[in-house]
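Hi,

Here is the structure I promised to pass on. Have a look at it first, and then read on for what turned up.

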Amino acid sequence: MPSVAIIGGTGVYHPDLLTEVAEVPVETPFGDVRVTLGKYQGKEVAFLPRHGAAHSVPPHLVNYRANLTALKKIGVRSIMATAAVGSLNAEMKPGEFVFVNQFLDFTKGRKHTFFEGGPEGVVHIDLTEPYCPELRGTLARAARALGLPAKEGGVYVCTEGPRFETPAEIKMFRHLGGDLVGMTGIPEVVLAREAEVCYATVAMVTNFAAGIAACRLSHQEVVEMMRAQGENIRRLLMQAVAWIDGDRECACQRALSGPMEA
Ligand code: HPA
């Protein structure tokens, strides 16, 4: 069973560096999911393209609950999720990685929880530390080892999309403390915590956000930057895969049950 999974965002549709690749269907109460399984240096890894293999699912229609349930069901304990992001912060430039540590949620019509009353009950999950600090640390260490430009820490603003933001919205997000903006991080990170799976975002800055950028934004520009950075993204993920101890214990994996007794 794979203990590590990669969720590929925009521009990351194939598990290129994996060997012995096979696609498996996984049934969940939220719908079926096709997960790619493969190996890296003998370690089993799962791969899931968030938008489908041909980017056919827009951010607000991604079946986040099915995706997280499928990964949990096949035994995944750590998820690294890639995300193309616009930057609101002059210090976070196109071509740089950011391992975010907080978020602001501006999504609107998404299913944000596995716990909707009924048999599952009601859960108010703690998100003081929304992204797994250990996984984030491993990614930062991998970026340093590979000499890739990266920042550890940043506030990710999630919008509903699929449209880009107005300059007025970007100005507001900056006032609120946002550093980066994207459309898919929420509810993924929240559902991962509810599923007691470690989760970290690998944000790649593809552009300065609307009103900061000198020209209008296009999805094509985002895809091209992700393509240009493809090799760096793959090297980073695989270095992290090599370093993640699949059996390690983490507080994220006890999010519902609470801390273990000493
Ligand atoms: N806004 C929202 N999502 C994005 C952007 C952006 O500027 N760039 C890449 N994903």
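Strands E1 and E4 run parallel and are joined by five bridges, with Val 4 standing opposite Val 45 of E4. E1 also runs parallel to E5, through four bridges, and there Ala 5 has Ile 79 as its bridge partner. Strands count as paired if DSSP finds at least two bridges between them; the strands (E, at least two residues) and helices (H or I, at least four) are themselves DSSP runs, numbered from the N terminus.

Before going further: this is a predicted model, in which local features need pLDDT of at least 70 and side-chain atom pairs count only at pLDDT 80 or more, while totals for chains, interfaces and linings use all residues. Residues are numbered from 1 along each chain as its sequence is written, and side-chain values use heavy atoms, with hydrogens and water left out.

Back to E1. Five of its five residues are buried, so this strand is largely enclosed by the rest of the structure. Buried here means under 20% relative accessible area, exposed means over 50%, and partly exposed lies in between (1.4 Å probe, protein chains only). In a regular strand, side chains alternate between the two faces of the sheet. Both faces of E1 are covered, with Val 4, Ile 6 and Gly 8 buried on one side and Ala 5 and Ile 7 on the other.

Next, the packing. A nonpolar core is a set of buried Ala, Val, Leu, Ile, Met, Phe, Trp, Tyr and Cys residues joined through side-chain atoms within 4.5 Å. The largest one has 41 residues, and those touching the most other members are Val 35, Ala 46, Leu 71, Ile 74, Val 76, Ile 79 and Leu 180. Among the elements that each supply at least two residues of this core are E1 (4–8), E4 (43–49), H1 and E5 (78–87). A second, separate core has 33 residues, including Ala 84, Leu 139, Leu 236 and Cys 252.

On to charged side chains. The whole structure has 11 salt bridges, each being a side-chain nitrogen of Lys or Arg within 4 Å of a carboxyl oxygen of Asp or Glu. One of them joins Arg 65 and Glu 116 at 3.4 Å, N to O. Arg 65 lies in helix H1 (residues 64–73) and Glu 116 in the loop between E7 (102–106) and H2 (133–146), so this pair ties together parts that are 51 residues apart in sequence. Arg 65 is buried at 11% relative accessibility, whereas Glu 116 is partly exposed at 49%. Another salt bridge pairs Lys 39 with Glu 20, their closest N and O atoms being 3.7 Å apart. Finally, Glu 129, Arg 136 and Glu 152 are linked in a network of salt bridges.

And the cysteines? The structure holds zero disulfides, where a disulfide is a pair of cysteine sulfur atoms within 2.5 Å. For Cys 198, the nearest cysteine sulfur is that of Cys 250, 3.6 Å away. Cys 198 is buried at 0% relative accessibility, and Cys 250 is buried at 9%.

Best wishes
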